[in-house]
Amino acid sequence: MKKCIINGVIVTMDENRKIFEDGFVMIDGNEVIEIGHMGDFKVSGDVEIIDANGGIVMPGFVNCHTHISMSVFKGLGEDMPDRLRRYMFPMEDEILDRNMVSTGARLSLIELIQGGVTTICDMYYFEDEVAKAVKESGIRAVLGETILSKPSPDSDEPYGGIEYAKGFISKWKGDSLITPAFAPHAPYTCDDQHLMEIRRLADELDVPITMHLSEMLHEMEEFDSKYGKTPIRHLEDIGFLSERLIAAHLVYVDDEEIGILKSKGVGAAHNVVANAKSGRKVSPAPAMHKAGMKVGLGTDGPMSGNHQDILSLLGYYTKIQKQAALDNRICPAAEAVELGTIGGARVLGMEGSIGSIETGKKADIIIIDTSAPNMQPIYDYYSAIVYAAHPHNVVMTMVDGKVLMSDRKLMVMDEKKVLDEVREVSKEIRKFALELDRRARS
């Protein structure tokens, strides 16, 4: 059956940034087949009507970098200077299992859907459990199995993630919603030989690679000491960089490296809130965007960014960059919306099918209610989205033509059941955290 979203302000995010102030979007199956003004709207045949009631109808948000299963550890050890080594790494090494990964993934997926995120790029362990949860949720995803130079929660061998990823890719390649990927953790946790093996396999299997890059100060110091160059320049020299790479963070990047990354087609996942919370310098994401790089937004893991939605990041992106530059003219609201939608789609290599509302593209669409007090008045739609809207203003989320949330009611997952499971898992985590505190004191 066809669906039609009517009576909406259609913010298309197409090349011309076309907006239909009183418009409709006709959907057949999983594709947009017509966009127009309500004055031209005609119904023929059996059509399911979705009334936007004057709300903003726009493409769903794209979260270019996250670790959704980490949500079960969210809020642990906040504001501690060494929380990753004190809590996160021991948790992953000693108690993380398939059940935790599955539970954490479903918790985050509920939040993502409620915040209007329709596509994610995730990397973590037991990624097949993440894939199962993603299929249950109905959202679109690039999913990468994390690869490390040491044993990991789902592999007893260093670099065991490569074989895991090969099996994962074989199982999920060709899925309508899931794009499997390789996810080497970082250039400082994977050696050159294995990075190049991953690059070769990604080319052979035609899949993306997602990796943290130029994120940590110790990373920069290590490469300077070892090679006399930055990680980006080193990866260029060994031939690792390509259009397959989704590079997360890119905090320590100069103008020459932006040119290198652009020439190689590397996509940038800018994690503005996670970087700020970690006390890192501000990434030159606007300079990357201005130079023509593919740039999108990411939340990073729930321990780093806490919230998984992209809508909350839009205002932070513009405000933090303006503050860092001492210039309120940079990063206008429309740019933030671009990075959160079609920009993110470019980073994931999906701009031909998602990221904007256009005929022939997939129907990944959300509706933002504009009747709430925080949304009124509206003089500019991009500004309203970036500076006024909150995740709770998202009232409908659709992916691939399927409605996942309607009138804030989740249609695809049992929220109460997931929250009950989270509470059970948190008991084990809380108990282990106390043990880690005891170890730290002894």
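Guide: In helix 4, I162, K166 and I169 meet H194, E197, I198, L201 and L205 of helix 5, where contact means heavy atoms within 4.5 Å and helices (H or I, at least four residues) and strands (E, at least two) are DSSP runs numbered from the N terminus. The model is a predicted one, in which local features need pLDDT of at least 70 and side-chain atom pairs count only at pLDDT 80 or more, while totals for chains, interfaces and linings use all residues. Residues are numbered from 1 along each chain as its sequence is written, and side-chain values use heavy atoms, with hydrogens and water left out.

By class, the contact of helix 4 with helix 5 has five nonpolar, one polar and two charged residues (Ala, Val, Leu, Ile, Met, Phe, Trp, Tyr, Cys and Pro count as nonpolar, Asp, Glu, Lys and Arg as charged, and the others, Gly among them, as polar). Helix 4, residues 160-172, and helix 5, residues 192-205, pack at an angle of about 10 degrees with their axes 12 Å apart; the axes are lines fitted to C-alpha atoms, for helices over the stretch in contact, and angles run from 0 to 180 degrees between N-to-C directions. Helix 4 and helix 5 are therefore roughly parallel (under 35 degrees; over 145 is roughly antiparallel, 65 to 115 roughly perpendicular, and the rest oblique).

A second pair is formed by helix 11 (residues 311-325) and helix 14, whose axes lie 7 Å apart at an angle of about 95 degrees, which makes helix 11 roughly perpendicular to helix 14. Here L311, L314, G315, T318, K319 and K322 of helix 11 touch I385, V386 and Y387 of helix 14, a contact of five nonpolar, two polar and two charged residues. In the loop between strand 14 (365-368) and helix 14 (381-388) lies P377, and the peptide bond from Q376 to P377 is cis, with omega near -5 degrees.

Helix 1 and helix 15 (residues 415-441) pack at about 120 degrees with their axes 10 Å apart, and are therefore oblique to each other. From helix 1, R86, Y87, P90, M91 and E94 meet I429, F432, A433, L436, D437, R439 and A440 of helix 15, and by class this contact has eight nonpolar, no polar and four charged residues.

Helix 1 also gives the largest share, seven residues, of the lining of the largest pocket. A pocket is, on a 1 Å grid over the protein atoms alone, an open set of points where a 1.4 Å probe fits, with protein on both sides within 12 Å along at least five of seven lines, and lining residues have an atom within 4 Å of a point. The largest pocket is lined by 40 residues, of which L84, F89, E215, M216 and R280 lie nearest its centre. Helix 1 (83-94), strand 7 (117-124) and helix 6 (217-227) are the elements giving two or more residues to this lining, which has 16 nonpolar, twelve polar and twelve charged residues.
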